[in-house]
Amino acid sequence: SDLMAASPPRPSADPLLTALAQTLLLKTAEHLRHGVQAPLTRSQLLWQAACQFIEANCHRPINRCDVAQHLHVHPNHVSRLFRIRGRSGFNAHLRATRLRRACLLLKDRRLSLGQVATLCGFTSQSYFTRVFTAAFGHSPSRGPASSPPS
């Protein structure tokens, strides 16, 4: 914030570039205040890569073997990563990722529940409805949840 006050913003032709520059300055100042972090361990990098793979592929029928193959590790190692690094196991993490995507897609009223279920990787609309209702306490036909699972 001191960096932002020290140098007044100049008018820019592109407001996106201005916003990006301000964000970069704020993040740099935050980083300097908190000091330099230690490099990520292999386990942390694998965990991040596993989460990114799930996020990018949750619409497909994936399992821990697919993630393991992508990471070039044993499927048991994937399970161990989720037990140690995550707040839940692999299947719960995959389900939560799919539900977060479903909450976003449910905002588009042009999509049917069946389409949302398919786009989120659920095997059927009825299974999607059961999982959604168990997680949020109401059916997806009532609309997106106010707070998707983490």
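Among contacts in the chain between residues at least 6 apart in sequence, 50% join residues at least 24 apart. Contact here means heavy atoms within 4.5 Å. The model is predicted: local features need pLDDT of at least 70, side-chain atom pairs count only at pLDDT 80 or more, and totals for chains, interfaces and linings use all residues. Residues are numbered from 1 along each chain as its sequence is written, and side-chain values use heavy atoms, with hydrogens and water left out.

The chain has 8 helices and 0 strands. Its pattern along the sequence reads α-α-α-α-α-α-α-α. Helices (H or I, at least four residues) and strands (E, at least two) are DSSP runs, numbered from the N terminus. Of the 150 residues in the chain, 29% are buried. Buried means under 20% relative accessible area, exposed means over 50%, and partly exposed lies in between (1.4 Å probe, protein chains only).

**Two helix pairs**

Two packed helices are described by the angle between their axes and the distance between the axes. Axes are lines fitted to C-alpha atoms, for helices over the stretch in contact, and angles run from 0 to 180 degrees between N-to-C directions.

| Helix pair | Angle | Axis distance |
|---|---|---|
| α6 (residues 90-105) and α8 (residues 125-136) | about 95° | 11 Å |
| α3 (residues 42-57) and α5 (residues 75-85) | roughly 100° | within 10 Å |

Take α6 and α8, which pack at about 95°. That makes α6 roughly perpendicular to α8. Angles of 65 to 115 degrees count as roughly perpendicular, under 35 as roughly parallel, over 145 as roughly antiparallel, and the rest as oblique. From α6, Arg-95, Leu-99, Ala-102 and Cys-103 meet Phe-128, Val-131, Phe-132, Ala-135 and Phe-136 of α8. By class, this contact of α6 with α8 has 8 nonpolar, no polar and 1 charged residues. Ala, Val, Leu, Ile, Met, Phe, Trp, Tyr, Cys and Pro count as nonpolar, Asp, Glu, Lys and Arg as charged, and the others, Gly among them, as polar.

Now α3 and α5, whose axes cross at roughly 100°. The two helices are therefore roughly perpendicular to each other. In α3, the residues in contact are Arg-42, Ser-43, Gln-44, Leu-46, Trp-47, Ala-50 and Ile-54; in α5 they are His-77, Leu-81, Phe-82 and Arg-85. The contact of α3 with α5 has 6 nonpolar, 3 polar and 2 charged residues.

**The two sides of α8**

In α8, Phe-128, Val-131, Phe-132 and Phe-136 are buried. They cover an arc of only 110° around the axis, which puts them on the same side of α8. The arc is that of the directions from the helix axis to the C-beta atoms. An α-helix has 3.6 residues a turn, so residues three or four places apart point the same way. Cover for the buried residues of α8 includes α6 and α7 (113-119). On the other side of α8, Arg-130 and Ala-134 are exposed. Just after α8, Gly-137 takes a positive phi of about 85°.

**Two single residues**

Thr-97 lies in helix α6. At 1% relative accessibility, Thr-97 counts as buried. Leaving out residues up to four places away in sequence, Thr-97 touches Ile-54, Glu-55 and Cys-58.

His-72 lies in the loop between α4 (64-71) and α5. His-72 is exposed, with a relative accessible area of 72%. Phi of His-72 is near 60°, a positive value in a residue other than glycine. Most residues other than glycine have a negative phi.
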